[in-house]
Structures are given as structure tokens and as C-alpha cells.
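The following exercises concern a predicted model. Each task is followed by a solution in steps.

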Amino acid sequence: MTGFKSEFLRVLSERGFIHQISDPEGLDAAFCKGPVTAYIGFDATATSLHAGSLIQIMMLAWMQRTGHRPIALMGGGTTMIGDPSFKDEARKLLTEADIARNLEGIRQVFAKFLTFGDGPSDALMINNADWLLKLNYIEFLRDVGRHFSVNRMLSFDSVKLRLDREQSLSFLEFNYMILQGYDFVELYRRTGCILQMGGSDQWGNIVNGIELGHRMDGVQLYALTSPLLTTASGAKMGKTASGAVWLNADLLSPYDYWQYWRNTEDADVERFLKLYTLMPMDEVSRLAALRGAEINEAKKVLATEVTALVHGRAPAQEAAETARRTFEEGGLGGDLPVIEISGDKLAESPFLGHVLQSAGYVASMGEYRRLIANNSVSVNDRKLSDHNQKVDAALFQDGVAKVALSRKKIIVLKRVG
């Protein structure tokens with residue numbers, strides 16, 4: 001369906017958020033009537049969410065900006081089982097202490113995007129452990145489990161793909177979709193929530209909740225999913241060769257986060273401006289129309305706007321300025337990662353490769369040699385050809401040395417003591 005009447009669905013449609021809606025006309029009508037409550041669930045499998053979750057967070061942000069009430073559902077209960085959707089193997093089971101620590105880290109992100117409170121459009125943060133950990137198993141099987149068809153559950157792509165590959169699917173994981181469906185019903189009863197949103201891999205689980213709500217309470221619930229995104233070259237969003245693109249600053253600095261978005265492929269700039277910023281669509285269109293070298297200006301705007309949402313405007317501008325000084329003026333920005341070299345260590349004249357490997361910037365000496373062979377390493381803006389380069393006094397200029405591993409990864413060696 002196109003031509004939505006409600007502001008929320010119009011915004012989501014024009015910015016590329018919508019993959020599927022269970023009942024487009026019915027949901028559009030509900031949004032036109034008054035404030036709608038909707039939720040997205042986030043399991044606590046790490047101390048931070050990563051950029052792959054940003055599309056869901058932005059959907060909640062747009063809900064609130066268009067006058068509706070978003071719920072960020074923390075999966076304190078479901079995380080104890082683990083979602084099997086499109087996973088090759090079962091997740092590692094976490095302890096309650098692990099989950100509590102992870103939830104605390106994840107909560108920090110949402111305050112940047114949502115306003116929490118008691119008003120009609122104020123966001124709620126709810127933990128499904130509040131009801132799941134109190135369930136009586138026999139009663140749950142009788143009251144909830146009887147509404148689920150195993151035959152149908154086996155037909156869902158998330159389950160079918162695992163079984164087709166003859167990969168084990170535990171009974172524990174099989175229960176996940178029942179619990180997620182029950183979450184939807186419980187949130188309807190507690191808050192009047194009628195919509196669950198999520199990635200397209202969650203479609204089957206969300207539809208389960210819709211059907212459970214109809215059977216248990218006779219209510220009409222809705223599903224809305226976003227596309228599962230990859231970059232133009234096919235890479236998974238939120239992942240890089242060196243690891244996840246975390247949203248918490250203690251796991252990934254604002255500068256490195258800015259650089260991730262600055263390195264966006266040309267073909268992705270318009271799509272990412274629509275999805276990951278709050279910029280007006282006419283400005284998005286203007287930036288997307290830039291071509292040639294000018295597209296880099298659009299990438300800088302993208303990087304700064306996305307970083308400002310997650311880390312704040314000042315850190316985003318500092319990251320942009322650090323990059324400008326580093327790449328446009330050849331200077332050293334203050335936000336660059338630093339390896340401190342003591343006088344005692346300097347006296348030993350260690351190999352540069354060993355210093356970089358010890359600090360985690362190259363995985364091995366083999367990788368270091370390959371970078372040099374590909375002309376991807378420079379020291380103080382001069383290409384390095386000798387993999388036996390040592391860190392000695394001659395390497396430093398005013399107490400620092402700049403090492404570049406490819407053009408976009410700059411490390412500062414700083415002489416101390």
C-alpha cells in the first residue's frame with residue numbers, strides 16, 4: 001500500500017523503513033485515530049547494541065516525533081533462551097548477572113533518541129523478565145502453548161533454514177517464538193500496545209503474537225517489519241572486518257564511529273541519509289544528488305549527523321574536525337587513538353610491527369607485512385617499505401609519530417618519560 005494517510009507511516013514509507021505490514025489499511029487508520037503504542041524488543045546479548053540495531057531505534061524515534069508512544073522492550077527474560085532466527089547455532093547461555101550488566105549498557109543508548117515519561121507520547125522502557133520469570137510452566141502450556149501449531153512453527157523460514165541444513169534446534173530455542181508472542185499479548189494488556197515492529201527476520205514471530213492476541217483476548221494487533229540491510233557491496237550492517245560497530249562510546253570511540261559512516265559506499269549515501277538521520281527529505285535529496293568528489297561532502301554530513309544522534313553534537317563535530325585535520329591538512333587530530341611509548345621501551349628500539357600487534361591494531365606480523373606489501377602503511381606521511389622498521393628516537397617529531405594503516409586508520413605514537 002502507498003499513499004498512507006497517517007504521518008508516521010508516510011515518514012517510514014518515504015524514508016525506506018517498511019518491508020511488510022500485516023494490515024496496512026487497518027494500521028494506517030489506527031495511527032490516524034490517535035496515539036498508538038508500539039514496541040520493538042532488544043535482547044541483551046552484549047553490553048551495547050551495534051549499528052545493525054540503529055534502524056529499529058530510528059523507527060521508535062520517528063514514532064515519538066509523530067506523536068505516538070514507543071516502547072523499548074528489554075529482553076531480560078528472552079535473552080536467557082536466545083532467538084534462533086536465522087542463526088547457525090544456539091547462542092551461548094548468559095547468567096542473570098551477565099544479562100543485568102548488558103541491560104545497563106544498552107539503556108544508555110535509548111536516552112539519546114527517546115524521551116521517557118508518563119505522557120501520551122512519552123517512551124516506556126519495559127523488561128519482559130517482569131512477567132516471563134514469574135510464569136508457572138504448566139499453566140503457561142495450558143493457557144498459551146495450546147494456541148501454537150508445531151506444524152506451522154516448523155514452516156517459518158527462521159526454523160526451516162536451520163533444519164534444512166541439519167543444524168540442531170534445541171527445545172529451549174523452539175520456545176523463544178512462543179515467549180515472544182506472549183510478550184506482545186502481555187504488552188497489550190499492560191499498555192494497550194497494538195503494534196510490534198522489528199527486522200524482516202522477525203515476521204513469523206510477530207505474526208505468532210498477532211494470532212495469540214486474537215485467540216486469547218479477541219483483539220486486533222499489527223506487525224510492521226523493516227528490511228534487513230546490507231551495504232551496497234553485500235556487507236552486513238553494523239559489522240566490519242575488525243568487529244562490531246558498537247553504539248556505546250566505551251566500546252567504540254566517537255571518532256571511530258564517525259569514520260565508519262564516513263567510509264559509506266557511494267551507492268549507500270542516499271539510503272543511509274534517509275534511514276539513519278533526522279534530516280528533512282529535501283536536504284537528503286540535495287546531498288544525494290552530489291556526484292564525483294562532491295559525494296564525499298555528503299558522506300561527511302552523514303557521518304556527523306549519525307554520530308551526533310548517538311554520541312552528541314559536540315563529539316560528532318570534534319570527530320569531523322579530527323578527520324579534517326588528519327586527512328585534509330595532514331595534521332594530528334586530538335581524538336585519534338594513541339600508543340604511549342616510554343623512554344625505557346624506546347631504548348629497546350622495538351619493531352613497529354610488534355608495537356602495533358601488541359596494541360591490537362594488526363592481528364599478526366603476517367598481516368603487517370601484507371599491509372606494507374600493498375603500500376598501505378605510512379609513517380609521518382611517508383610510505384613504509386621496510387617491515388623491520390624500528391620505533392626509535394628518529395621516528396618522533398615533537399614527541400609524536402603518525403602511523404597510517406590504510407588511509408582511514410591513523411594511530412599516534414606518543415613518547416612519554
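**Exercise 1.** Determine where Asp 98 and Arg 101 lie and how their side chains meet.

*Solution.* Step 1: Asp 98 and Arg 101 both belong to helix H4 (residues 96–113). Step 2: they are 3 residues apart, about one turn of the helix. Step 3: their side chains meet in a salt bridge, with N to O at 2.8 Å. Step 4: Arg 101 has a relative accessible area of 48%; because buried means under 20% and exposed over 50%, a value in between counts as partly exposed.

**Exercise 2.** Determine which parts of the chain are linked by the salt bridge of Asp 217 and Arg 189.

*Solution.* Step 1: the closest N and O atoms of Asp 217 and Arg 189 are 2.9 Å apart. A salt bridge requires a distance within 4 Å, so the pair qualifies. Step 2: Asp 217 lies in helix H11 (residues 203–217) and Arg 189 in helix H10 (residues 176–191). Step 3: the two residues are 28 residues apart, and the pair links distant parts of the chain. Step 4: Asp 217 is partly exposed, at a relative accessible area of 28%, and Arg 189 is likewise partly exposed, at 43%.

**Exercise 3.** Describe the salt bridge between Glu 283 and Arg 286, and state how many salt bridges the structure holds.

*Solution.* Step 1: Glu 283 and Arg 286 are both found in helix H14 (residues 281–288), 3 residues apart, about one turn of the helix. Step 2: their side chains form a salt bridge of 2.8 Å, N to O. Step 3: Glu 283 is partly exposed at 25% relative accessible area, and Arg 286 is partly exposed at 44%. Step 4: the count comes to 12 salt bridges.

**Exercise 4.** Classify the ring pair of Tyr 39 and Phe 184, and state what the pair ties together.

*Solution.* Step 1: a search of the whole structure finds 9 aromatic pairs. Step 2: the ring centres of Tyr 39 and Phe 184 are 5.6 Å apart and the planes stand at 65 degrees, so this pair is edge-to-face. Step 3: Tyr 39 lies in strand E2 (residues 37–43) and Phe 184 in helix H10, so the pair ties together parts 145 residues apart in sequence. Step 4: Tyr 39 is buried, at 1% relative accessibility, and Phe 184 is buried at 0%.

**Exercise 5.** Classify the ring pair of Phe 272 and Tyr 276, and name the cluster to which these residues belong.

*Solution.* Step 1: the centres of the two rings are 5.5 Å apart and their planes are at 70 degrees, so the pair is edge-to-face. Step 2: Phe 272 and Tyr 276 are 4 residues apart in helix H13 (residues 269–276), about one helical turn. Step 3: Phe 272 is buried at 3% relative accessibility, and Tyr 276 is buried at 1%. Step 4: ring pairs link Tyr 257, Tyr 260, Trp 261, Phe 272 and Tyr 276 into a cluster.

Key. Residues are numbered from 1 along each chain as its sequence is written. This is a predicted model: local features need pLDDT of at least 70, side-chain atom pairs count only at pLDDT 80 or more; totals for chains, interfaces and linings use all residues. Side-chain values use heavy atoms; hydrogens and water are left out. Buried means under 20% relative accessible area, exposed over 50%, partly exposed in between (1.4 Å probe, protein chains only). Rings of Phe, Tyr and Trp (its six-membered ring) pair if their centres lie within 6.5 Å; planes under 30 degrees apart count as stacked, over 60 as edge-to-face and the rest as tilted.
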